Structures are given as C-alpha cells and as structure tokens.
Amino acid sequence: MSQTQQKIREFVAGIQAYISPVNVINPWRDYVTGYDIGPEAVKIRSEHLVRYLEPRMSKARYIFIAEAVGYQGARFSGVPLTSERMVTGNHSLVNHQMIFSGEPGVRTSLPNIAKPNRSQALYGFAEPTASIIWGEVLSSLRWKPTDLIFWNIYPFHPYQTSETG
C-alpha cells in the first residue's frame with residue numbers, strides 16, 4: 001500500500017470513528033434497519049469513499065464544498081455530492097468510471113425501502129444536487145472528474161428520530 005493510500009485509509013478511519021451527540025447518520029459508521037441493506041453497508045460506503053479519493057489525492061486541482069450529506073446522495077453512496085445510482089453505474093449521465101476505476105460500486109439502500117418510487121426500487125437513490133453538479137463538470141471542457149474533490153463541510157446526515165422509524 002502506498003503512502004497516499006495509507007493516508008486515505010487513515011482519514012476514512014477517522015471519519016468512521018466520529019460519534020455525534022445529536023441525531024446524525026454517519027454513513028461510514030452507521031446503518032439503519034429498514035433503509036440500509038445491513039451492517040455491510042458501512043464497509044461498502046467506506047470503500048466507495050477510499051476508491052473516490054485515491055485518484056484525486058495527487059491530481060485534484062479544486063475542492064468544491066457543499067453543506068451536509070444528502071439523504072439521497074452520500075448517505076447511501078458514501079461519496080460526497082454523488083448518488084448511489086452514479087457509483088453503481090445506473091445514472092444516465094454519470095458513468096461510475098468518472099467516480100472511481102474498476103468495477104461499479106455496490107448499492108447500500110434496500111430496494112423495498114419505505115415508499116420507494118419505481119426507479120428507486122430498481123436502481124437505488126438519485127440525488128438531484130449531485131446530478132446538477134456532475135452535469136456541470138461533464139459539460140465543462142476545462143475539468144476532468146479527477147481535477148475535483150467534492151466534499152461536505154458537515155459530512156454527516158442530520159435526521160429526526162421519527163424519520164428512521
């Protein structure tokens with residue numbers, strides 16, 4: 001393992017260790033029964049984040065920072081400003097190879113989550129903000145996906161207890 005890979009894994013381990021005193025989902029530590037596929041969702045999202053950061057750590061020229069993890073985005077994908085459909089290769093505009101190399105990522109949301117629409121049930125969550133951001137990157141001739149790191153200033157998903165049933 002290279003020094004960069006080791007640093008990325010240490011960074012992700014630090015995020016995984018965060019425990020909030022308020023109602024927060026840490027996508028790299030927590031899973032919610034009835035929403036996530038199970039405890040393995042945490043490992044999958046963590047690996048997605050590592051794979052996302054690896055090619056960017058030496059190439060990225062810009063960092064774009066948004067507010068908090070979206071409930072339809074990194075909450076399930078593990079990658080900031082990126083939806084589950086994008087990492088799994090089920091997005092119409094964004095190929096998973098733009099996010100990380102190798103095989104597509106793995107879905108972490110349950111197909112039969114409470115009140116899914118047909119697309120969510122079949123392909124996982126799509127995040128509107130992620131689609132807009134990635135669409136802008138793709139439409140720009142100046143940037144390659146590895147030129148950018150997307151991040152959330154608050155990398156966790158706030159929720160109300162009643163939302164998780």
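**View 1. Arginine 75 and aspartate 36 are both buried (under 20% relative accessible area, with a 1.4 Å probe and protein chains only)**. The model is predicted: local features need pLDDT of at least 70 and side-chain atom pairs pLDDT 80 or more, whereas totals for chains, interfaces and linings use all residues. Residues are numbered from 1 along each chain as its sequence is written, and side-chain values use heavy atoms, leaving out hydrogens and water.

**View 2. Salt bridges with shared partners join Asp36, Arg45 and Arg75 into one network**. A salt bridge places a side-chain nitrogen of Lys or Arg within 4 Å of a carboxyl oxygen of Asp or Glu. Between arginine 75 and aspartate 36, the closest N and O atoms are 3.0 Å apart. Arginine 75 belongs to helix H3 (residues 74-77) and aspartate 36 to the loop between strand S1 (24-25) and H2, so this pair ties together parts 39 residues apart in sequence. Helices (H or I, at least four residues) and strands (E, at least two) are DSSP runs numbered from the N terminus. In the salt bridge of arginine 45 with aspartate 36, the closest N and O atoms lie 2.9 Å apart.

**View 3. Arginine 9 forms a salt bridge with glutamate 47**. Their closest N and O atoms are 3.3 Å apart. Arginine 9 lies in helix H1 (residues 3-16) and glutamate 47 in helix H2 (residues 40-53), so the contact ties together parts 38 residues apart in sequence.

**View 4. Isoleucine 65 lies in strand S2 (residues 62-68)**. Isoleucine 65 is exposed (over 50% relative accessible area), with a value of 55%.
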